Amino acid sequence: MLFLSEHIKKTIDITSGYTTGQLVVEGEMVGLLRDSGEVIELDEKSLIEVRNGDVYEQITIKEALTTETIEGWPLYAGLYTRVKGAIK
């Protein structure tokens, strides 16, 4: 049931006009890894929302680049993300 629930959430995001994928942070680049394997670079005009449990948290490019785990890894990297707005 969990797979179906996740699929429904993703479908709702897509029909609401979002581009979905996993957040990628590499050096000074923040991107969105699509299911196809394509990485789309994001910019400051992008509305970026990462899913934290059942809640979406809006973040900026700067937050994606600077917020880290205790070990020093980008905190938001790898999380399910939906984006609206400017995509390079």
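Reply: Leaving aside neighbours within four places in sequence, Arg82 is in contact (heavy atoms within 4.5 Å) with Asp13, Tyr18, Thr19, Thr20, Leu47, Ile48, Glu49 and Tyr56. The model is a predicted one, in which local features need pLDDT of at least 70 and side-chain atom pairs count only at pLDDT 80 or more, while totals for chains, interfaces and linings use all residues. Residues are numbered from 1 along each chain as its sequence is written, and side-chain values use heavy atoms, with hydrogens and water left out.

Arg82 belongs to strand 5, which covers residues 80–87; strands are DSSP runs of E with at least two residues, helices are runs of H or I with at least four, and both are numbered from the N terminus. Arg82 counts as buried because its relative accessibility is 14%; buried means under 20% relative accessible area, exposed over 50%, and partly exposed in between, with a 1.4 Å probe and protein chains only.

Two of the residues listed above also make polar contacts with Arg82 through their side chains. A polar contact is a pair of N or O atoms within 3.5 Å; within protein, one must be able to donate a hydrogen and the other to accept it, and residues adjacent in sequence count only if both atoms are side-chain atoms. The side chains of Arg82 and Glu49 are joined at 2.6 Å, and the side chain of Asp13 meets that of Arg82 at 2.7 Å.

A further pair of residues concerns strand 3. Ser46 is located in this strand, which runs over residues 39–52, and counts as buried because its relative accessibility is 9%. The C-alpha atoms of Ser46 and Val83 are separated by 6.5 Å, although the two residues are 37 apart along the chain.

As for the whole, the protein chain has 2 helices and 5 strands, in the order α-β-β-β-β-α-β along the sequence. Of its 88 residues, 31% are buried. Among contacts with a separation of 6 or more, 56% link residues 24 or more positions apart. Along the principal axes, the C-alpha atoms fill a box of roughly 35 × 30 × 25 Å.
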